[in-house]
Each structure stands twice: as C-alpha cells, then as structure tokens.
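The sequence and the coordinates are shown first.

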Amino acid sequence: MTDVLFTIGENPPPRLDKALARNVPERAISRSRLSRMIAEGTVEVNGVVVTDQKARVQEGDDIVIRVPEAVESHMLPEDIPLEVLFEDDDLIVVNKPAGMVVHPAPGTPSGTLVNALLAHCGENLSGVGGMRRPGIVHRIDKDTSGLLVVAKSDAAHQGLADQFLDHSIERLYTAVCFGVPSAGDPRLMGLAGTSFEAGNQLKITTQLARHKTDRQRQAVVLQNGKHAVTRVRVMQELAGGAAAVVECKLETGRTHQIRVHMSYAGHALLGDQTYSRKRKLAGAYTEQVAAFPRQALHAGFLGFKHPITGRALRYTSSLPADMQGLIELLSV
C-alpha cells in the first residue's frame, strides 16, 4: 500500500472526483481509477474517509489516497520478439508486424502484443488501473502493420488517452488502394461526406457504426454513429491508374476507419477481404494481387508529446517487405 498525500489547490472544482483528478500529483492515478478508489473507501479528506464522488471539497483540504500495490494480470507473459523503437519507465513504442493481434480476446487468448509486452516489460510495469499490465490506448488491426505507443504507468495512460481524445496525436498510414482518388472524379464530388482540399487531398467526414447485419464490420451511417475524419493524399499511381499508393492521415481513430472510409469512397484497399467487395485488378497483376494475404495498410508515422516529460516524440517505420513487393510489382 502506498499513500499519496496532497492538498487541494485554489478554486477547486466543486466535486471530490473532479478536484482529485485536477490536483493528484503528476497525474499518478487516472480519473477512472480515482472514481473507483473513492467508491472503495481508499480516499480520506481531512482524515475522514469519503465515498461520495460528488462530495464538496475546499481549497486547503488535506487528501490521502491509499493506493494498493498493483495486482498481477490474468493475462500470461509470452516470450515473443518485439521491435522496440523507444522505451522508458512510462511508455514503449513498438513496430507491430502484420498478423499479430494487439489484445487478447476469446478468439485469440495468446500470441498477442499484450502477451509479448508482459514478458518484455516484466516488473517495469508499474500498473495501469490497479493491474500490472500494459495500457493500450490505441490499436491497429491484426493484419495491419506498424507503430503503436503503449503506456506502462497510470499517469502515462491518462496523458496519452487525453492526446487521443483531443486529436493531438499525429498518425500517418501508407496504403495501396484500387484506383486513384481525384478531384476530377464526379462520383466522388457528389458523394456525401467527401470533399477535396488544397493539393488534391481527399477529406472523408462521416459517422461510423457497426454494420447492421455483419457485427464484424463497420459501416458509414447518417446518424447515431461516431464522428470520423480521414484525409487521403495520393503518393504514387500504380498499374496505369488501376491502383495507387496513398497516405492516410487520421483525425479520429475509429475501428477500421481507413478501411471503411476508403471502401466508401470507392477506393478500397488491396487485400482487404472485408471491405474490398472482392475487387480485382485486371491484366497481368490479377493473380499476384489476389494472393496478397492482408489489407495493404501500414502505420508508418506516429507523433505525440511524452505524457510525463512533455518532450515531442516522432517515430517512423519503413514499409514491410510484403507491401514493398506489392508496390514494386504494380510499378512495372
């Protein structure tokens, strides 16, 4: 058990939970965990245990939060090689290979990035949400390769989550899609939610929600969905205009966002068995493209502020060999 002691500063929010979230030293405990700890009776105000999150506090109130030691995760560590680009006491940046699931789930209880991180980080995980585990703040699909930042502490988890919430995280993806998005395409100009910005950059702004009949898919909806914005810039035309290398910039980070948006715009990703609607490239490329084993999507750039030090961090990841080979094939 560790005690965190501090005093409520001037002009505090009226509610205990909000005041603690503002004043807890170095944001050592996340807001969601603070709420749970209040309810569990581990927070004292001026020597008295308070379990009401809405209890009023005043400037100068003395706070004691009794933080239990992090418990071990139910997930098992597995000795799986990782490509680590950066690591310190608070976070780790890794380059995930295609084919690796990020977090254990009923269909994939092992062999995931989390299992690998539990083994790699070991005792260096100070605990997220009261459990000794890595804090996953964003994910990329199993068959998408590229960069991920993962928290190793509660403070880092909260700080990174805030950056994702306010869209200050920079994420750029490289993809290979069918066709070449162009401002000269009348179909795109008439498609709801699509527009072109300077430099022939396609902007897709829609709402996304689960598909009505296929729960494994996402779909563009007119209402009751989550706001999603993707910007797409053509980097290289391929196969005589039948395909293109594009750079996709995420303003939001919804499930399958790039894959759904590109399919909606009529430029589904090569190899995407879920959203490409079984499209094929005609001619000499047909068999090779059809054999590409995954969606051609790579998270190649990640930029954010270190949640503890405030230092600006920027990381890049080269295209994996399979995507390089695909682009070379279509460049001939």
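## An open sheet

Glu44 stands opposite Val49 in S3. The model is predicted, with residues numbered from 1 along each chain as its sequence is written; local features need pLDDT of at least 70, side-chain atom pairs count only at pLDDT 80 or more, and totals for chains, interfaces and linings use all residues. Side-chain values rest on heavy atoms, with hydrogens and water left out.

Strand S2 (residues 43-45) is joined to S3 by 2 bridges in the antiparallel sense. Strands here are DSSP runs of E with at least two residues, numbered from the N terminus, and two of them pair if DSSP finds at least two bridges between them. Both strands belong to an open sheet of 4 strands, ordered S1-S4-S2-S3 with antiparallel pairing. Its edges are strand S1 (2-7) and strand S3 (48-49), each of which pairs on one side only.

## The pairing of S11

S11 and S17 run antiparallel and are joined by 6 bridges. Within this pairing, Tyr173 faces Ala299 of S17. S11 is also linked to strand S16 (residues 243-250), again antiparallel, through 7 bridges. Phe178 has Ala243 as its bridge partner in S16.

## The cavity

A search of the whole structure returns 1 cavity of 30 Å³ or more. On a 1 Å grid over the protein atoms alone, a cavity is a set of points where a 1.4 Å probe fits but cannot get out, and lining residues have an atom within 4 Å of a point. Grid points are joined across faces, edges and corners, and the volume is the space filled by probe spheres set on the points. The largest cavity has a volume of about 30 Å³.

Its lining consists of His138, Leu147, Arg171, Tyr173, Ala299, Phe301 and Leu302. The elements that give two or more residues to this lining are strand S11 (170-178) and strand S17 (297-305), and the largest share, 3 residues, comes from S17. The lining divides into 5 nonpolar, 1 polar and 1 charged residues, where Ala, Val, Leu, Ile, Met, Phe, Trp, Tyr, Cys and Pro count as nonpolar, Asp, Glu, Lys and Arg as charged, and the others, Gly among them, as polar.

## Cysteines

The structure holds 0 disulfides, a disulfide being a pair of cysteine sulfur atoms within 2.5 Å. Cys248 forms none because its sulfur is 7.6 Å from the closest cysteine sulfur, in Cys177, too far for a bond.

Cys177 is buried, with a relative accessible area of 0%; buried means under 20% with a 1.4 Å probe, protein chains only. Cys248 is likewise buried, at 0%.

Conventions. 1 Å grid on protein atoms, 1.4 Å probe; cavity = no way out; pocket = protein on both sides within 12 Å on 5 of 7 lines; lining within 4 Å. Buried < 20%, exposed > 50% of the residue type's maximum accessible area, 1.4 Å probe, protein only.
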